Every structure is written in structure tokens, then in C-alpha cells.
Amino acid sequence: MLLKIANFAHDNWLGWAANSGVPWLWPACETLHFIGLALLMGCIGVYDLRMMGFLKGLEIGPLRKLMPWGIFGFVLNLVTGAIFFAGNPYQYIRNWVFGYKLLFIVLAGVNVIVYYTSGLDKQIAGLGAGADVPRGAKLVAAASLVLWIGVIFWGRMMPFLGNAF
Amino acid sequence: MTLLTSLEQSAFCAWVRESGSLFAYPGILFLHTLGLAMLVGPNAAIDLRILGVGPELSLGPMRSLLRLMWTGFWINAVTGSILLVSDASTKLANPAFAVKMVLIALAMIDVFLIKRFVFRTAAPEPQRARSLVKVLAIVSLVLWTGAITAGRLMAYFGQDSGAPEFINKIGG
């Protein structure tokens, strides 16, 4: 099953290009992956910190306007990550560290769904500087920050703990 | 033998390079990435706001992000110094490293200028100052993009230790 997914991802022009067919593609995607990381953490991480009660001078409602750029960073990393996978899927599919990275990304996604469906976003929209958010939002924020830092951790550990590269 | 090469041969640097401990090379590299997120992330948020994203968000209180950014800067100055001395002879010969250092220095000068022109102006600034600040924000985004690119390319211009068998796939 995993091998089939890997073959499917790899046996096409993108897999060829990312593997070595287009030599600059891998380092270019690595660079974009870090830029995406900075955007995600700069926009969503800062919002998480504000929800948790740090940086209270920031106007929390309007701070949500930065969110699309954090999402852009995430999409950038999803696309470049998919290119890495296509380039060399076999180093990821049997790598438990990669499994944890994916798990943390999925949990962060669930956390985002909880944030929007529970109505927390609407409650926060009208809040300004100095305002406290509901306790539920603080929990969502702490979970988000821990999960994204975890994603960075697992990503960085891939060559060391798992058997990638 | 220079100071750096003697440091490189110290027991601590040997531990960082060769111990295989999670707290050595891998952990330091992780902290270096976290520092990047704390420094470049909020700086990008300030730059985007200056460039017109979320105009209803007041720019003034974003000043409080500077402390987070400086924390990230010092985390990376320390972890980066450890990564440098552990590999001093290869990293100092790496052209991408020199480019990275210059770009970071310029980006931090830009942080000072943004602080000076955005966060220290009490009165509503005249049009000319506003366009100057926008230039600073664009320059900041370009410099950080360049610094990240140069940092990433270090792994392709020279060899890193910490995982010698994975030549040219990882790096600081």
C-alpha cells in the first residue's frame, strides 16, 4: 500500500524533476519550505501567542487579517513538501519521524477546524488590544503553538532520528 | 593554528559534531530553526502590515514583537556560533556563509531603521516618510529571503558535519 503510493508519487515527471532531473529544484524547494515556515510562524504563531495572553498590546481582532499570509506559508510548505515526497518517497514512507510530522500537521488541522466551528473566531473578531479571549481559545492557541513547533522539530529530526536522506 | 580551529578541535565541538546525541548537532539545529521562526516570522508580519495588509491593525503596538525578534536573534547568534565553530574550517571557506552573514547584518540594520521610523514617530508621518518605510519593509523581506536562501545553500557549497553520511542534504 505505502509502496504503491510512493511509486505513484515518484513515477512521473515531477518525481524525476525533484529527484535529480532538475538539479536546482530540490534546494529551491528547501528554501521556499523555510520561507513558508517563517510566514506560518510569524502570522499564526504570533496570533497564538496573543490569544494565550502574551503581546497583549496587539489588537487581536484585526490581527486575524494576517492569517491569509500564514495560510499562504502553509500552502507553500504543502506544495514544496509534496515535491520532496515525489522526488524521493522511499526515504519517507518507512520513516517514523515523517509519520509523526504528518500526524502533528493533521492534529494542527483538526485544531483549526475546532477553532472555526466552535465559534471562537467570531467571538474574537470584535476584540481589541488588552482583551482576554475565552478559555477555550487559549487552549486552542497553546495546542496550535505546541503542534507547529512539534512539526518543525520532527522535520528537523528527519535526517537524524529517522532514516531519511 | 587560529583560535577558531583550536575551538573546532575542542571537546565540546567534537561532542556537537560526533556524539550523535539528540542534544548535540540535531538539537542545536532545531533551536536554530525555531530562532529563525521567532525572528523572521514576526519581522515579516511587521513588513506585511507596513505594506498594507490588515490596515485596521494598528502598527504601533506591533513594536512589542521586537522583543520576540531579539530573543530569536540571540538564540540564533548562540546556536549559529556553536554550529560555526564546530565546522569552522569548512563553513568559513563556504561562500554562501559569508553571503548569509552580510544579509543578516543588513536585515538587522533594517530592523533598527524600521524601529526608528515606524515605532518612534509620535505624530502621523508625512507622505515621504510613509513611502520610505514601505521601501524598508520590502528591503527587509528581500534580505530575509536572501539570508534564508544563502543559509540553505550552505549545504550545497560545503560539507556539514553532524551527519557526515548525509552529505549535502542537511545544513544550517
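The model is predicted. Chain A has nine helices and zero strands. Chain B and chain A bury about 3,200 Å² between them. Over all chains, the count of salt bridges comes to seven.

**Chain A on its own**

- Chain A reads α-α-α-α-α-α-α-α-α along its sequence.
- The C-alpha atoms of chain A fill a box of roughly 50 × 30 × 25 Å, taken along the principal axes.

**Two crossing helices in chain A**

- Helix α2 (residues 13-21) and helix α5 (residues 67-87) of chain A have axes that come within 7 Å.
- These two axes cross at roughly 90 degrees. Angles of 65 to 115 degrees count as roughly perpendicular, so α2(A) is roughly perpendicular to α5(A).
- On the α2(A) side, the contact is made by A:L14, A:G15, A:A18 and A:N19. On the α5(A) side, A:I83, A:A86 and A:G87 take part.
- The residues of this contact between α2(A) and α5(A) divide into four nonpolar, three polar and no charged.

- The size of an interface is often given as the accessible area lost when the parts come together.
- For chain B and chain A, the buried area is about 3,200 Å², and carbon and sulfur atoms give 79% of that area.
- Chain B brings 39 residues to the contact, and chain A brings 33 residues.
- The rule finds four residue pairs in polar contact across the interface of chain B and chain A, with both residues at pLDDT 80 or more.
- On the side of chain B that touches chain A, the elements giving two or more residues are α3 (25-50), α4 (65-86) and α7 (127-157) of chain B.
- Of these, α3(B) gives the most, with 15 residues.
- The residues on this side of chain B divide into 25 nonpolar, 11 polar and three charged.

**Salt bridges**

- Side chains of opposite charge can pair when their charged atoms come close.
- Across the interface of chain B and chain A, the rule finds two salt bridges.
- A:E30 forms a salt bridge with B:R152. Their closest N and O atoms are 2.8 Å apart. The cut-off for a salt bridge is 4 Å.
- This pair crosses between chains. A:E30 lies in helix α3 (residues 25-52) of chain A, and B:R152 lies in helix α7 of chain B.

Definitions and conventions: Residues are numbered from 1 along each chain as its sequence is written. Chains are lettered from A and ligands numbered from 1 in the order in which they are written. This is a predicted model: local features need pLDDT of at least 70, side-chain atom pairs count only at pLDDT 80 or more; totals for chains, interfaces and linings use all residues. Side-chain values use heavy atoms; hydrogens and water are left out. Contact means heavy atoms within 4.5 Å. Buried area is the accessible area (1.4 Å probe) that two parts lose on being put together, summed over both. A salt bridge is a side-chain nitrogen of Lys or Arg within 4 Å of a carboxyl oxygen of Asp or Glu. A polar contact is a pair of N or O atoms within 3.5 Å; within protein, one must be able to donate a hydrogen and the other to accept it, and residues adjacent in sequence count only if both atoms are side-chain atoms. Helices (H or I, at least four residues) and strands (E, at least two) are DSSP runs, numbered from the N terminus. Ala, Val, Leu, Ile, Met, Phe, Trp, Tyr, Cys and Pro count as nonpolar, Asp, Glu, Lys and Arg as charged, and the others, Gly among them, as polar. Axes are lines fitted to C-alpha atoms, for helices over the stretch in contact, and angles run from 0 to 180 degrees between N-to-C directions. Angles under 35 degrees count as roughly parallel, over 145 as roughly antiparallel, 65 to 115 as roughly perpendicular and the rest as oblique.
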